[in-house]
Amino acid sequence: MIKWAGWIITLCGTAHTLGALTVEKAARHAGTWFSGGLWSEDFAAMSPAGSAYWLSLASFGIPLILVGLTVLWLDRRGITPPAFIAWTLGAWTVVDAVVLPFTPWPLFALACALLLIGARRARRDDPASKAGLRRA
């Protein structure tokens, strides 16, 4: 379950970032981004290059990739990811579902549920937790 959650999170972050750069054509503004064209950008009156930057490279996509890969890394080592990852992503997913209902928030809800269920099962199956011992 934890592995599936990690893959879902990684896939969503990758799809968002690559989709913004290619399908939404944000990458065409890279020249402006790397030449200092956004240094005096006004958030209230954002330019197309500024919007493209915040949609792609400065969006949640890259951090989601890192969270998903971290979950996968932990799972490969037999370490249960902390529940706060699922709870934080879950809270963010609820906000996303309310603000933008036509986003892939159900995938994030699924990933959060898988993480929480996987963490609970790992705790249940851990002999140290049954004996009341703390893990080192």
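A helix here is a DSSP run of at least four residues, and helices are numbered from the N terminus. Please keep in mind that this is a predicted model.

Start with histidine 29. Where does histidine 29 lie? The residue sits in the loop between helix H1, residues 2–22, and helix H2, residues 30–34. Is histidine 29 buried or exposed? Its relative accessible area is 14%, and buried means under 20%, so histidine 29 is buried. Which residues does histidine 29 touch, once neighbours within four places in sequence are left aside? The contacts are Pro48, Ala49 and Ala52.

Next, the packing of two helices. Two packed helices are described by the angle between their axes and by the distance between those axes. For H1 and helix H6, which covers residues 105–125, the angle is about 150° and the axes are 8 Å apart. Angles over 145 degrees count as roughly antiparallel, and therefore H1 and H6 are roughly antiparallel to each other. The crossing of H1 past H6 is left-handed.

Which residues make up this contact? On the H1 side they are Ile2, Trp4, Ala5, Ile8, Ile9 and Cys12. On the H6 side they are Leu107, Phe108, Leu110, Ala111, Leu114, Leu115, Gly118 and Ala119. Sorted by class, the contact between H1 and H6 has 13 nonpolar residues, one polar residue and no charged residues. Gly counts as polar in this scheme.

Now to the cysteines. A disulfide is a covalent bond between the sulfur atoms of two cysteines. How many disulfides does a search of the whole structure find? The search finds zero. Cysteine 12, for one, is in no disulfide, and its nearest cysteine sulfur, that of cysteine 112, is 10 Å away. Cysteine 12 has a relative accessible area of 10% and is buried. Cysteine 112 is also buried, with a value of 5%.

Last, proline 106. This proline is found in helix H6. How far apart are the C-alpha atoms of proline 106 and threonine 93? They are separated by 8.1 Å, and the two residues are 13 residues apart along the chain.

Notes
Residues are numbered from 1 along each chain as its sequence is written. This is a predicted model: local features need pLDDT of at least 70, side-chain atom pairs count only at pLDDT 80 or more; totals for chains, interfaces and linings use all residues. Side-chain values use heavy atoms; hydrogens and water are left out. Helices (H or I, at least four residues) and strands (E, at least two) are DSSP runs, numbered from the N terminus. Buried means under 20% relative accessible area, exposed over 50%, partly exposed in between (1.4 Å probe, protein chains only). Contact means heavy atoms within 4.5 Å. A disulfide is a pair of cysteine sulfur atoms within 2.5 Å. Axes are lines fitted to C-alpha atoms, for helices over the stretch in contact, and angles run from 0 to 180 degrees between N-to-C directions. Angles under 35 degrees count as roughly parallel, over 145 as roughly antiparallel, 65 to 115 as roughly perpendicular and the rest as oblique. A crossing is left-handed if the near helix is turned anticlockwise from the far one by less than a right angle, and right-handed if clockwise.
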